[in-house]
Amino acid sequence: IHGMGTEDGRICADTGDKTNRISLGNVDTNDWARYMVYFPYSGEYDVTTIMTSPNGGVHTVSLRSGSTSGTELTSASIGNTGDWGACADGVYTGWTEVPSTASVSAGLTDVYMYVTAGGLNYWRSAFVYTKTSNEQAVDYSGLAAPANVAAVAENASVINVTWDEVD
């Protein structure tokens, strides 16, 4: 992290959202944060970036591969969202979800969140793989897991794995 700090997480418990939102605050132009991201597949990903700002103008983050000057994977911009992000009456306010897409290669990648126009708070960017129509779905239904492990395919890109402790 360069040029910004983390803010205390808060849980907006009266909603279905139990997420502890530890955000990056006081984010200004040329600030950046590095995330190590494992992409299981090459191809298109839907990206949702969540940020907030009570300031006028346009505030933009660029997600880049390898460095702050690396190839731009995608970017997201917001205007004035009303506040710095809060939890009021069990509802998160001020946070805006900005959808975009990114084309990435499979593997472990340093993804840099680089701020090209600051004055915002940043929560996260979530990548979800988008299966193309010519890809074949993998059928895991015939596979048996060990007695204490269960694996359930939620969709084409998510497999939930649970297990019981073994004595």
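The chain holds 13 strands and zero helices, where strands (E, at least two residues) and helices (H or I, at least four) are DSSP runs numbered from the N terminus. This is a predicted model, in which local features need pLDDT of at least 70 and side-chain atom pairs count only at pLDDT 80 or more, while totals for chains, interfaces and linings use all residues. Residues are numbered from 1 along each chain as its sequence is written, and side-chain values use heavy atoms, with hydrogens and water left out.

**Exercise 1. Trace the sheet: in which order do the four strands of the open sheet lie, and which are the edge strands?**

Let's go strand by strand.

- Step 1: the order is β3-β10-β5-β6, with antiparallel pairing. Two strands pair if DSSP finds at least two bridges between them.
- Step 2: β3 (32-39) and β6 (71-78) are the edge strands, as each pairs on one side only.
- Step 3: on average, neighbouring strands of this sheet are turned by 25 degrees against each other, direction ignored. The axes behind this angle are lines fitted to C-alpha atoms, for helices over the stretch in contact, and angles run from 0 to 180 degrees between N-to-C directions.
- Step 4: now look at β3 and β10 (residues 107-117), which are antiparallel and joined by eight bridges. Within β10, valine 111 is the bridge partner of tyrosine 35.

**Exercise 2. Find the one salt bridge of the structure: which residues form it?**

A salt bridge here is a side-chain nitrogen of Lys or Arg within 4 Å of a carboxyl oxygen of Asp or Glu.

- Step 1: arginine 34 pairs with aspartate 110, and their closest N and O atoms are 3.3 Å apart.
- Step 2: the pair links distant parts of the chain, with arginine 34 in strand β3 and aspartate 110 in strand β10, 76 residues apart.
- Step 3: check the cover. Both partners count as partly exposed, arginine 34 at 43% relative accessibility and aspartate 110 at 25%. The scale calls a residue buried under 20% relative accessible area, exposed over 50%, and partly exposed in between (1.4 Å probe, protein chains only).
- Step 4: as a general point, side chains of opposite charge can pair when their charged atoms come close.

**Exercise 3. Is serine 53 buried or exposed, and what is it in contact with?**

- Step 1: list the contacts, meaning heavy atoms within 4.5 Å. Leaving aside neighbours within four places in sequence, the partners of serine 53 include His59, Ile78, Asn80, Trp84 and Leu120.
- Step 2: serine 53 and tyrosine 122 are 69 residues apart along the chain, and their C-alpha atoms are separated by 9.0 Å.

**Exercise 4. Which asparagines have a positive phi, and where do they lie?**

- Step 1: asparagine 26 has a phi near 55 degrees, a positive value in a residue other than glycine. Asparagine 26 lies in strand β2 (residues 24-27) and is exposed, with a relative accessible area of 56%.
- Step 2: for asparagine 30, phi is near 75 degrees, again positive. Asparagine 30 lies in the loop between β2 and β3 and is partly exposed at 44%.
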